[in-house]
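Subject: Structure for your review

Dear colleague,

Please find the structure below, together with its sequence. My notes on what was found in it follow.

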Amino acid sequence: MDRVVIVVAFVVFWLAMIGLIFWGWRGRQKRQADRIGVFPPVPADLGAPSIAAATGLYVGSTIAPNWQDRIAVGDIGHRATAELSRYEKGILLERTGESTIWIPQESIRGIRTDRALAGKVMSKDGLLVIRWTLPTGTEIDTGFRADDKLVYPTWVDTHPNTGTNDSKETPA
């Protein structure tokens with residue numbers, strides 16, 4: 001009888017913890033909704049390709065400059081395998097099973113390598129991070145971990161305000 005009570009209590013505890021996680025995520029979505037707004041739509045004409053597509057993992061997007069303040073609005077907070085490509089008019093991030101993210105050229109503030117974003121910590125320069133401005137004026141960082149890290153220098157060198165992030169906000 002004691003074992004049954006312990007098992008039932010354990011199951012109730014874990015169900016309560018899962019419920020609290022979902023409740024917290026929904027609260028984050030509500031708090032961020034006005035600040036994030038709607039992401040830019042993918043235009044019909046992307047322009048000429050300037051960097052070939054790279055495959056990898058979309059790590060997430062955060063409100064800059066906080067590397068842990070993950071965006072929860074819509075499906076933007078969901079990690080997914082992705083393909084990142086650069087065009088004359090912006091950057092296209094096609095995520096498998098999730099919405100496509102379009103970053104217009106005029107919104108890009110910088111492209112750098114970093115070691116952490118959205119709770120994902122890697123080795124030095126393990127992530128490609130694009131800082132850009134949403135239509136609402138909010139600056140965000142979008143992270144991508146390429147399957148082949150050798151593509152990072154090509155991405156970093158293509159935009160003027162770029163480089164490796166040595167900020168103290170990332171973990172030591």
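F13 is partly exposed, at a relative accessible area of 42%; buried means under 20% relative accessible area, exposed over 50%, and partly exposed in between, with a 1.4 Å probe and protein chains only. This is a predicted model, in which local features need pLDDT of at least 70 and side-chain atom pairs count only at pLDDT 80 or more, while totals for chains, interfaces and linings use all residues. Residues are numbered from 1 along each chain as its sequence is written, and side-chain values use heavy atoms, with hydrogens and water left out.

Aromatic residues

A search of the whole structure finds three aromatic pairs. Rings of Phe, Tyr and Trp (its six-membered ring) pair if their centres lie within 6.5 Å; planes under 30 degrees apart count as stacked, over 60 as edge-to-face and the rest as tilted. One of the pairs is F10 with W14, which is edge-to-face, at 6.0 Å centre to centre and 70° between the planes. F10 and W14 are separated by about one helical turn because they are four residues apart in helix 1. F10 is exposed, with a relative accessible area of 52%, and W14 is partly exposed at 43%. F13 and W14 also form an edge-to-face pair, at 5.3 Å centre to centre and 75° between the planes. F10, F13 and W14 make up one aromatic cluster.

Helix 1

Helices (H or I, at least four residues) and strands (E, at least two) are DSSP runs, numbered from the N terminus. Helix 1 covers residues 2-36, and its 35 residues should span 51 Å at 1.5 Å a residue; the end C-alpha atoms are 50 Å apart, which agrees. The expected span is 1.5 Å times one less than the number of residues. A kink of about 25° is centred on K30, where the bend is the angle between axes fitted to the seven residues ending there and the seven starting there. Just after helix 1, G37 has a positive phi of about 70°.

The unreviewed UniProt entry places a "transmembrane region" at residues 6-25; UniProt positions are given in the numbering used here, feature names are shortened, and annotations may be inferred rather than shown by experiment. Over residues 6-25 the chain is 100% helix and 0% strand.

V59 lies in strand 1 (residues 49-63) and counts as buried, at 0% relative accessibility. V59 and R145 are 86 residues apart in sequence, yet 6.8 Å apart in space, C-alpha to C-alpha.

Most residues other than glycine have a negative phi, and most peptide bonds are trans. A cis peptide bond joins A64 and P65, with omega about 5°, and P65 lies in the loop between strand 1 and strand 2 (80-87). D125, which is not a glycine, has a positive phi near 55°. D125 is in the loop between strand 7 (120-121) and strand 8 (127-133) and is partly exposed, at 25% relative accessibility.

T138 lies in the loop between strand 8 and strand 9 (139-146) and is buried, with a relative accessible area of 9%. Leaving aside neighbours within four places in sequence, T138 is in contact with R35, I36, I63, W132 and T133.

Yours sincerely

Conventions
Contact means heavy atoms within 4.5 Å.
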